[in-house]
Amino acid sequence: MTITPNPLLDLTGKIALINGGSRGIGLSIAKAFAANGAHVIIASRKQEACNQAVAAIVAAGGSAQAHACHIGDTAQIEALFAAIGEQHGRLDILVNNAAANPYQGPIVETSLSVYEKTMDVNVRGYFFSCVHGTRLMALHGAGGSIINVASVNGIMPGMGQGIYSVSKAAVLSMTLAFAQECIGSGIRVNALVPGPTETRFAAPVLQDPEAMQALLPRLPMGRLGQPDEMAGAALYLASSASSYTNGASITVDGGFLLA
Ligand SMILES: NC(=O)c1ccc[n+]([C@@H]2O[C@H](COP(=O)([O-])OP(=O)(O)OC[C@H]3O[C@@H](n4cnc5c(N)ncnc54)[C@H](OP(=O)(O)O)[C@@H]3O)[C@@H](O)[C@H]2O)c1
């Protein structure tokens, strides 16, 4: 028997865009894709943060480039996909991962500005990234994989996280809608559904002893997830290992939804 690296997970020659790729879950996903041969495009609001992520990937022997893009701004999304089309002429993998969660509190006190910020980034940003991503994938004709990073809150709303939870439920619905309509172009669309994960995004909970005290008993594994623990499912969804997986939501939550 000869042992060879698993070709099912090989991303050599693939162009992958990860928005929100400069830190946390997005950076872990970008590193995993690069380690498996993809050229990764790291996007987030801050160019410098993207540059740093790219430098770390390149120093480790990977191939990467940075592109600042605020996904709450549709003109910036259009410009990003136009630049990728011009430079690479293709896109094989899109990870929609950047998100906003500006408000923790009673849902009935949600302000219009909080509502708009959350929906502009988490719903409109993902939606039009899917639109432009599928167009670019279809143009090249080689199919592709879109991974929308949702949240367990999209399945079971988090207390005091009403509008964020609503936006993540929309991400799950959007995943099904694009999966249904894009499969004719060979594009698969799936969702990755993380549970509580130790990143800057979770800081309002991590830094609040009362919130942590309430959360810990609800974690069946007795701990939060780590960003690197999200990368395996993303790699599966990006690669040909998942060639028959479409419209699926893969929960990576240590059993959180069971508790
Ligand atoms: N951490 C958790 O407990 C948890 C649980 C369930 C689901 N999730 C989901 O996992 C995803 C990643 O979260 P994370 O925990 O890894 O967060 P994180 O560590 O805070 O990273 C967020 C990333 O998104 C970028 N970003 C934020 N707003 C953006 C915008 N408007 N446009 C473009 N980029 C933006 C940030 O960079 P810049 O600041 O440079 O823009 C950063 O690269 C999110 O979709 C989140 O909803 C997280």
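1. Let's start with a helix on the sheet. Helix H5 (residues 162-182) lies across S5, S6 and S7, and its direction is at about 165° to S6. Please keep in mind as you look around that this is a predicted model.

2. Now for the sheet itself. It is an open sheet of 7 strands, and reading across it you meet them in the order S3-S2-S1-S4-S5-S6-S7, with parallel pairing. At the edges are strand S3 (63-68) and strand S7 (249-252), each of which pairs on one side only. On average, neighbouring strands of this sheet are turned by 20° against each other, direction ignored.

3. A handy place to look is Ile 18, which stands opposite Ile 42 in S2.

4. H4 lies across S1, strand S4 (93-96), strand S5 (144-149) and strand S6 (187-194). Relative to S4, H4 runs at about 180°.

5. How do H4 and H5 pack? Their angle is about 15°, and their axes are 10 Å apart. Angles under 35 degrees count as roughly parallel, so H4 is roughly parallel to H5. The crossing of H4 past H5 is right-handed. On the H4 side, the contact residues include Val 114, Tyr 115, Met 119, Tyr 126 and Phe 127. From H5 come, among others, Ile 163, Tyr 164, Val 171, Met 174 and Phe 178. What classes of residue make up the contact of H4 with H5? There are 14 nonpolar, 4 polar and 1 charged.

6. H4 also meets helix H3 (residues 74-88). The axes of H3 and H4 (residues 112-140) come within 10 Å and cross at roughly 25°. H3 and H4 are therefore roughly parallel to each other as well, and their crossing is right-handed. In H3, the residues Thr 74, Ile 77, Glu 78, Phe 81, Ile 84 and Gly 85 take part. Their partners in H4 are Arg 124, Gly 125, Phe 128, Ser 129, His 132, Gly 133 and Leu 136. By class, the contact of H3 with H4 has 5 nonpolar, 6 polar and 2 charged residues.

7. Finally, have a look around the ligand. Which of the 31 residues around the ligand come nearest? They are Gly 20, Gly 24, Arg 45, Ala 98 and Phe 201. Helix H1 (residues 24-35) gives the most to this shell, with 3 residues. Sorted by class, the shell around the ligand has 14 nonpolar, 13 polar and 4 charged residues.

Terms used:
Residues are numbered from 1 along each chain as its sequence is written. This is a predicted model: local features need pLDDT of at least 70, side-chain atom pairs count only at pLDDT 80 or more; totals for chains, interfaces and linings use all residues. Axes are lines fitted to C-alpha atoms, for helices over the stretch in contact, and angles run from 0 to 180 degrees between N-to-C directions. Helices (H or I, at least four residues) and strands (E, at least two) are DSSP runs, numbered from the N terminus. Angles under 35 degrees count as roughly parallel, over 145 as roughly antiparallel, 65 to 115 as roughly perpendicular and the rest as oblique. A crossing is left-handed if the near helix is turned anticlockwise from the far one by less than a right angle, and right-handed if clockwise. Two residues are in contact if their C-beta atoms, placed from the backbone, lie within 7 Å. Ala, Val, Leu, Ile, Met, Phe, Trp, Tyr, Cys and Pro count as nonpolar, Asp, Glu, Lys and Arg as charged, and the others, Gly among them, as polar. A residue is near a molecule or strand if its C-beta atom, placed from the backbone, lies within 6 Å of it. Two strands pair if DSSP finds at least two bridges between them.
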